[in-house]
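Please consult the sequence and the structure shown below while reading.

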Amino acid sequence: MSTLFFTVLLVLVALDLGTASIVKREATSGTVCDSKVLIAVCPEGQTIQVESASYGAGDACGDTSGKECSSDVTDKYSGLCGGKKFCGTLVAISSLGDPCDGAEVVKQLDVTYQCA
């Protein structure tokens, strides 16, 4: 079976479970809430080129703590997804670190990438 088939199957399973957010290949930026899966896909012949990524507290995912804490995770995210055609990444403290020093805040990943 082809790689495309398994890629589509993975996306469909993640969406069915309600755990995935897709940053569409037409878009260059998106926000994904903690404990969700970021799926980035580029067209054939192009790969993900990460421009920026920030992880921390944010109101897009419902944080109401008012705490301001985030860190630049561009290098980490580039290491996980840069140069790939497809990338599915769990947004979590375990892979991105805790920029809020254990504070009870709802975290999010803001990422900007291009397909080139």
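In this predicted model, four strands form an open antiparallel sheet, ordered β2-β7-β4-β5. Strands β2 (29-33) and β5 (70-72) stand at the edges, each with a single partner strand, so one side of each has no neighbour in the sheet. From one strand to the next, the twist averages 20°.

**Pairing of β4 and β7**
- Strand β4 spans residues 48-57 and pairs with β7 in the antiparallel sense over nine bridges.
- A57 has K107, a residue of β7, as its bridge partner.

**Helix across the sheet**
- Helix α2, formed by residues 74-81, lies across β4, β5 and β7.
- The direction of helix α2 is at about 130° to that of β4.

**Residue Q108**
- Q108 is located in strand β7, which covers residues 107-115.
- Q108 counts as buried because its relative accessibility is 6%, under the 20% cut-off for that class.
- A polar atom of the Q108 side chain lies 3.4 Å from the backbone nitrogen of C61.
- When neighbours within four places in sequence are left aside, the contacts of Q108 include T31, V32, C33 and D34.
- Q108 is also in contact with S54, Y55, G56, G58, D59, A60 and C61.

Notes. Residues are numbered from 1 along each chain as its sequence is written. This is a predicted model: local features need pLDDT of at least 70, side-chain atom pairs count only at pLDDT 80 or more; totals for chains, interfaces and linings use all residues. Side-chain values use heavy atoms; hydrogens and water are left out. Helices (H or I, at least four residues) and strands (E, at least two) are DSSP runs, numbered from the N terminus. Buried means under 20% relative accessible area, exposed over 50%, partly exposed in between (1.4 Å probe, protein chains only). A polar contact is a pair of N or O atoms within 3.5 Å; within protein, one must be able to donate a hydrogen and the other to accept it, and residues adjacent in sequence count only if both atoms are side-chain atoms. Contact means heavy atoms within 4.5 Å. Two strands pair if DSSP finds at least two bridges between them. Axes are lines fitted to C-alpha atoms, for helices over the stretch in contact, and angles run from 0 to 180 degrees between N-to-C directions.
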